[in-house]
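The sequence and structure come before the description.

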Amino acid sequence: MNRKKQGDIGVAVAIAYYTLNGYSVSTPLSDSQRYDLITDKDNKLKRIQVKTTSQVNTSNIYTVELSTQGGNQSWGYSIKYITQDEADEIFVYCLNGEIYVLPIDLVVGVRRLRLSENYNLYKAVLDIGEFKRL
């Protein structure tokens, strides 16, 4: 599976997760924003950056890349870290089905995050409940 398809899966899971939890979900019209979704609940908007990972070690612990590496004409070849000005929450989907919803202040300036048991507090569940019967 290529990275684009992997990212599409993560966004689809994030949309399902937020929708099933009572949020209205919107997507930006272009891909020039550093966030992937906008959620709205109780008149509070949040910018959500979605990360999807297949990087797993021999202990079955996933690692998610949070920074953007490489370059383009607008910012050259460098590492770009997530800032609080770009998103309010990070939604991480691991290809084993695990989901993490991380507050932005936890990941600002972090290049990669090893999702060990230290992050269990941020694990979320996609409970499709009655949709399982369809």
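## Loop residues

Ser67 is placed in the loop between S4 and S5; helices (H or I, at least four residues) and strands (E, at least two) are DSSP runs, numbered from the N terminus. The model is predicted, and local features need pLDDT of at least 70, side-chain atom pairs count only at pLDDT 80 or more, while totals for chains, interfaces and linings use all residues. Residues are numbered from 1 along each chain as its sequence is written, and side-chain values use heavy atoms, with hydrogens and water left out.

Ser67 counts as buried, at 7% relative accessibility; buried means under 20% relative accessible area, exposed over 50%, and partly exposed in between (1.4 Å probe, protein chains only). Not counting residues up to four places away in sequence, Ser67 touches Ile79, Lys80, Tyr81, Val110 and Arg111, where contact means heavy atoms within 4.5 Å.

Two other loop residues are exposed. Asp42 is found in the loop between S2 and S3 and has a relative accessible area of 67%, which makes it exposed. Its phi is near 55°, a positive value in a residue other than glycine. Asn60 is in the loop between S3 and S4, is exposed at 53% relative accessibility, and has a positive phi of about 65° although it is not a glycine.

## The sheet

The order S1-S2-S3-S7-S8-S10 describes an open sheet of 6 strands with mixed pairing; two strands pair if DSSP finds at least two bridges between them. Strand S1 (24-26) and strand S10 (123-124) stand at the edges with a single partner strand each, so one side of each has no neighbour in the sheet.

| Strands | Sense | Bridges | Facing residues |
|---|---|---|---|
| S3 and S7 | parallel | 6 bridges | Val50 and Phe91 |
| S7 and S8 | antiparallel | 5 bridges | Val92 and Tyr100 |
| S8 and S10 | antiparallel | 2 bridges | Tyr100 and Lys123 |

The hairpin of S7 and S8 has 4 residues between the strands, with Gly97 at a positive phi near 100°. Strand S8 is largely enclosed by the rest of the structure, because 4 of its 5 residues are buried.

Which residues does Thr39 contact, leaving aside its neighbours within four places in sequence? They are Tyr18, Tyr23, Ser24, Val25, Lys44, Leu45, Lys46 and Ile48. Thr39 belongs to strand S2 and is buried, with a relative accessible area of 0%.

Ile48 lies in strand S3 and is buried at 0% relative accessibility. Beyond four places in sequence, Ile48 is in contact with Tyr18, Tyr35, Asp36, Leu37, Thr39, Glu89 and Phe91. Ile48 and Gln6 are 42 residues apart in sequence, and their C-alpha atoms are 17 Å apart in space.

## Helix packing

Helix H1 lies across S1, strand S2 (37-41), S3, strand S7 (89-94), S8 and S10, and runs at about 115° to S7. For this angle, axes are lines fitted to C-alpha atoms, for helices over the stretch in contact, and angles run from 0 to 180 degrees between N-to-C directions.

## The largest pocket

The largest pocket holds about 1,200 Å³ of space. Of the 30 residues that line this pocket, Gly7, Asp36, Val50, Lys51 and Thr68 are the closest to its centre. Helix H1 (3-20), strand S3 (44-53), strand S4 (63-65) and strand S5 (68-70) are the elements that give two or more residues to the lining. H1 gives the most, with 6 residues.

A pocket is an open set of points on a 1 Å grid over the protein atoms alone, where a 1.4 Å probe fits, with protein on both sides within 12 Å along at least five of seven lines; lining residues have an atom within 4 Å of a point. Grid points are joined across faces, edges and corners, and a volume is the space filled by probe spheres set on the points.

By class, the lining has 6 nonpolar, 15 polar and 9 charged residues. Ala, Val, Leu, Ile, Met, Phe, Trp, Tyr, Cys and Pro count as nonpolar, Asp, Glu, Lys and Arg as charged, and the others, Gly among them, as polar.
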